[in-house]
Amino acid sequence: MSDGVRVMWMRGGTSKGGYFLASELPLDTGERDTFLLRVMGTPDPRQIDGMGGADPLTSKVAVVGPPTRGDADVDYLFLQVFVDQPIVTESQNCGNILAGVGPFALERGLVPVAGQTTDVRIHMVNTGQIAVASVATPDGRVSYEGNARIDGVPGTAAPVPIVFRNTSGSTCGALLPTGNAVDEIEGVPCTLIDDGMPCVIMAASAFGLAGAETPEALEENEPLKVRLEVIRRAAGPLMNLGDVAEQSVPKMTLVSTPRRGGTISTRSFIPHRVHKAVGVLAAVSVGTACLLPHGPAREVASVPDGQSVTLDIEHPTGAFGVVVNRDAQGNVESSGVLRTARKLMEGRIFS
């Protein structure tokens, strides 16, 4: 890789990372991962010798290529590059980095522009599901300028609405992999749920917390983090994920009553660092948990009536709106979110 590899660095939602064409990365997974560890500067808490930003939210990779199924326009493989461990994992999706996949595919010519707005059907290889992203393409090219605002990102940008299809149980095989709305692990009532992101949802009060603590305060609470990791590792086999010691799923989410007029308040761990916001698909899973008949989320959530509802998932830096459509029996049929993306740079990166 001495000549470097083409890359586009993009902000997708509240994350950012490198976007690569699949054809331009090593075919061998081990060689690919070694290259990406060098790209990010991992393992190193500062990632000083690479492009990573010393945070899981800025140490991410999208690998994009032609579709391998007929109902998609492109394939998208998400890779989480750990910060301080030499690990590259594809055990999860990322709905934030997903927001940049449509623009990237259009910029690289994988998908033709189809008018003022172009829909890009994205096969999320990690879980085998389809997401449809609508990208602004006035004048025959991607536009990143617009008036859409999302919490956790300063300023405004062009909106990128994303609709998810059939995300229920995409990683664990079922929405509730144990068949229960509530399971008890280490004496803590938990909802083990997968509506696009495997999550363990627990009441903040079960840990003696108010649920309004800052990410910095939670980051410094080592006894809490140790306890959450014990629960996470016990939840892995119950969620059909096996040994999760070196996996980035399931995500751990503490919930409490909303404080800013939303549906529910969250504090998320991804899984060992505290999220300064909340992940896209984690927000969808939390929103779905709010609609269950009972459980830690349902007990504290303020859920609006109706078959199509917007759930505002509060997090440390704002709120995340999830639109959920239910059938007559109350089952979730589809969900959608609004994200934005911005191209930051493109060029060649070296290992």
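The model is predicted, so to speak of local features a pLDDT of at least 70 is needed, side-chain atom pairs count only at pLDDT 80 or more, and totals for chains, interfaces and linings use all residues. Residues are numbered from 1 along each chain as its sequence is written, and side-chain values use heavy atoms, with hydrogens and water left out.

Seven helices and 16 strands make up the list of elements in the chain; here helices (H or I, at least four residues) and strands (E, at least two) are DSSP runs, numbered from the N terminus. The radius of gyration is 19 Å, close to the 20 Å that the globule rule gives for 351 residues, so the chain is as compact as a globular protein of that length. This radius is taken over C-alpha atoms, and the rule is 2.2 Å times the number of residues to the power 0.38. Along the principal axes, the C-alpha atoms fill a box of roughly 55 × 45 × 35 Å.

Of the 351 residues, 57% count as buried, where buried means under 20% relative accessible area, exposed over 50%, and partly exposed in between (1.4 Å probe, protein chains only). In general, nonpolar side chains tend to be buried together in soluble globular proteins. A nonpolar core is a set of buried Ala, Val, Leu, Ile, Met, Phe, Trp, Tyr and Cys residues joined through side-chain atoms within 4.5 Å. The largest such core has 80 residues, and among those touching the most other members are Tyr 76, Ile 162 and Phe 207. Helix α6 (residues 280-290) gives the most to this core, with eight residues. In α6, 11 of 11 residues are buried, including Val 280, Ser 285 and Cys 290. A second, separate core of 17 residues includes Val 5 and Leu 36.

Leaving aside neighbours within four places in sequence, Phe 207 is in contact (heavy atoms within 4.5 Å) with residues including Val 188, Arg 227 and Leu 254.

Asn 240 is exposed, with a relative accessible area of 52%. Beyond neighbours within four places in sequence, Asn 240 is in contact with Cys 172 and Pro 177.
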